[in-house]
Amino acid sequence: MYLGLGFVRLQVMKASGVGAQSAEETPMTPRPEVEELVEAARAGDAAAWDALVDRYLPLVTAVIRRLHLSPADADDVNQTVWLRLVEHLDRLREPRALPGWLATTARNEGLRQIRRRTRDLPVDPGGAAFDTAEDSDPGEALVEELRSHALREAMLELSEKHRSLLLLLLADPPLSYDDISARLGIPKGSIGPTRARALDQLRSSRALRSWADDSPARHGGAFDVFLD
Amino acid sequence: MSSSTDDEGLMEELARAMHEVTEVPDHRREAARAAFTWRTIDEELLALTHDSLELADAAVRGNLDVRTLGFETDGLSLEIEVDGDRVFGQVLDADGNEVVVESVDDGSQTVPVDASGVFSVVVPAGPVRFGVMADGLLRHTPWIVLVAGDQDAR
């Protein structure tokens, strides 16, 4: 897998809606809360809608990818999910449940496409469409994607220094410590300890703590709760 | 996932999570953003009450030809059957109806409805929704895909 680092950083900054900051250990300017974005989008603010899209599109894309749909079907599901959210905005009582609602809607609409294709086709004795439809236990798949989403949110809570270091350490192909040291202007010897602190900061982030508190994993993967 | 308690496990999870950001195709972002233009304020929806696709057990799938769906809100309901790209529908329990089929890619078309609420229309591929005009109010179904795009042609 290729992890174009510059691209990731760019995407992260874009997704956060916050420009680069020079701050050392200072946390980034707080991002708008989901509640604020939903409120603004309800009032017709297209920029707030775009910010919601940027925040949740990787999650929706990952959920759809797991279903191995044709490109056309995957595009249709993606479009349907966002149109549904547009029509659902006024009814969304708990904006914080939005990741779960989106993941569940994407999966349900994806499964609908699979069933329709299966019906449209003559009976396939191999049953390939269903056999390859999913990688693993469906509830677990959603939990994993929601966990990934929480991790991305957590990254945005880190200080610029910590986030930059983690992204450099994740680069593929990997960068040498010399490289990383030069890019960040920190001594090689402090990379290890800084990584440890960054991961601690990640673990204690609001995004991961609230994931631990009210993730669906704790409710036996009962995703129905997200659907109204 | 329990591995996230140690640093290496957490880094692996993080690598996967950040990789997903790079996997979003641009045209999906554009489609998602464009969806906002379909916003209508605080409208009452014709909620989906059933979709024969959801009863996809072997017994039901014996009937391969026709998919049926129902939508309802108080005092108004819409039943449709999908056969290929043609939809046969009936609006029930309301007078003076007019049905609109809306598509993101193909715009909207108004469909005449006969005295008993019956109509027939060819629907475009991709997400569509029906709007039913009754008692001076236009009420929409949720967006739903009835006809799939061609695998290659879109």
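**Figure 1. The surface buried between chain A and chain B.** In this predicted model, chain A and chain B bury about 5900 Å² between them, and 59% of that lies on carbon and sulfur atoms. Buried area here is the accessible area (1.4 Å probe) that two parts lose on being put together, summed over both. The contact draws on 63 residues of chain A and 62 residues of chain B, with contact meaning heavy atoms within 4.5 Å. A word on reading these views: residues are numbered from 1 along each chain as its sequence is written, and chains are lettered from A and ligands numbered from 1 in the order in which they are written. Because the model is predicted, local features need pLDDT of at least 70 and side-chain atom pairs count only at pLDDT 80 or more, while totals for chains, interfaces and linings use all residues; side-chain values use heavy atoms, leaving out hydrogens and water.

Figure 2. One to look for joins Arg33(B) to Asp50(A), whose closest N and O atoms are 3.9 Å apart. Helices α1 (5-16), α2 (34-42) and α3 (46-65) of chain A are among the elements that give two or more residues to the side touching chain B. Helices are DSSP runs (H or I, at least four residues) and strands are too (E, at least two), numbered from the N terminus. The largest share of that side, 13 residues, comes from α4(A).

**Figure 3. A stacked ring pair between the chains.** Over all chains, the structure holds 4 aromatic pairs. Rings of Phe, Tyr and Trp (its six-membered ring) pair if their centres lie within 6.5 Å; planes under 30 degrees apart count as stacked, over 60 as edge-to-face and the rest as tilted. Trp49(A) and Phe36(B) are stacked, because their ring centres are 5.4 Å apart with planes at 20°. Trp49(A) sits in helix α3 of chain A, and Phe36(B) in the loop between α2 (26-34) and β1 (47-51) of chain B. Trp49(A) is buried at 0% relative accessibility, and Phe36(B) is buried at 10%; buried means under 20% relative accessible area, exposed over 50%, partly exposed in between (1.4 Å probe, protein chains only). Ring pairs also bring Trp82(A) into a cluster with Trp49(A) and Phe36(B).

Key
Salt bridge = Lys/Arg side-chain N within 4 Å of Asp/Glu carboxyl O.
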